[in-house]
Amino acid sequence: MKKSVKAALLSAFVYPGAGHFYLKKYSVCALFACTFSVPLYLIISEIITKAENIVEQIKNGEIPLDIAAISESLSSSTIGVDAQELNIKMYVLAVIWIIGIIDSYRLGLKKTKQAN
């Protein structure tokens, strides 16, 4: 398998920056991994906070222990600005991931051409 394809697959299926690590481009690897990790952390922490709030509401008896009621509470808690912010963070994640895949493929091609 070509280095460019292997690097792109690593970035696509392992973590953004993994392909750069494979190509020994450590600074670019750190850049992609860090820029991907920040919005990922923000998304996960927001989801965990919402889940904790719903669990507390269930414990306090505000929400019955019913799938429909829990689902309704989840959908009502992600309306408005929060949903827009979450969507923006998800788009940022997708863009960083795609750029990482393309860049690792590009660097792999460049490294292959230098080896020949």
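A disulfide is counted when two cysteine sulfur atoms lie within 2.5 Å of each other. Keep that cut-off in mind as we walk through this structure, which is a predicted model. How many disulfides does the structure hold? The count is zero. Cys29 takes part in none, and the nearest cysteine sulfur to its own belongs to Cys34, 8.6 Å away.

Let us now follow helix α3, which covers residues 26–59. At 1.5 Å a residue, its 34 residues should span 50 Å, and the end C-alpha atoms are 47 Å apart, which agrees. Several residues of α3 are buried, including Phe32, Ala33, Pro39, Ile43 and Ile54. Just after the helix comes Gly61, with a positive phi of about 85 degrees.

Charged residues are worth a look next. Side chains of opposite charge can pair when their charged atoms come close. A search of the whole structure finds three such salt bridges. In one of them, the side chains of Lys50 and Glu46 meet at 3.5 Å, N to O. Why are these two about one helical turn apart? Because they are four residues apart in helix α3. An α-helix has 3.6 residues a turn, so residues three or four places apart point the same way. Both Lys50 and Glu46 are buried, and for Glu46 the relative accessible area is 14%.

Glu46 has another partner: its side chain also meets that of Lys89 in a salt bridge of 3.1 Å, N to O. Lys89 lies in helix α5 and Glu46 in helix α3, so this pair ties together parts that are 43 residues apart in sequence. Lys89 is buried too, at 18% relative accessibility. A further bridge joins Arg106 and Asp103, at 2.6 Å from N to O. Both of these residues lie in helix α5, three residues apart, which is about one turn of the helix. Asp103 is buried at 14%, whereas Arg106 is partly exposed at 41%. Through shared partners, Glu46, Lys50 and Lys89 are joined into one network.

Aromatic rings come next, and the structure has three aromatic pairs. Phe21 and Tyr26 sit edge-to-face, 5.2 Å centre to centre, with 65 degrees between the planes. Phe36 and Trp97 are also edge-to-face, at 4.9 Å and 80 degrees. This second pair links distant parts of the chain, since Phe36 is in helix α3 and Trp97 is in helix α5, 61 residues apart. Phe36 is buried at 3% relative accessibility, and Trp97 is partly exposed at 28%. Together with Tyr15, they form one aromatic cluster.

A nonpolar patch of about 710 Å² is made by Met1, Val5, Leu9, Phe13, Val14, Tyr105 and Leu109. Which elements give two or more residues to the nonpolar patch? They are α1 (3–13) and α5 (81–115), with α1 giving the most, three residues. Tyr105, found in helix α5, is partly exposed at 36% relative accessibility.

Notes:
Residues are numbered from 1 along each chain as its sequence is written. This is a predicted model: local features need pLDDT of at least 70, side-chain atom pairs count only at pLDDT 80 or more; totals for chains, interfaces and linings use all residues. Side-chain values use heavy atoms; hydrogens and water are left out. Patches are made of residues with over 30% relative accessible area and no salt bridge: like charges are joined within 9 Å, nonpolar side chains (Val, Leu, Ile, Met, Phe, Trp, Tyr) within 5 Å. Accessible areas come from the Shrake-Rupley method with a 1.4 Å probe; for residues, only the protein chains shown count as cover. A salt bridge is a side-chain nitrogen of Lys or Arg within 4 Å of a carboxyl oxygen of Asp or Glu. Buried means under 20% relative accessible area, exposed over 50%, partly exposed in between (1.4 Å probe, protein chains only). Rings of Phe, Tyr and Trp (its six-membered ring) pair if their centres lie within 6.5 Å; planes under 30 degrees apart count as stacked, over 60 as edge-to-face and the rest as tilted. The expected span of a helix is 1.5 Å times one less than its number of residues.
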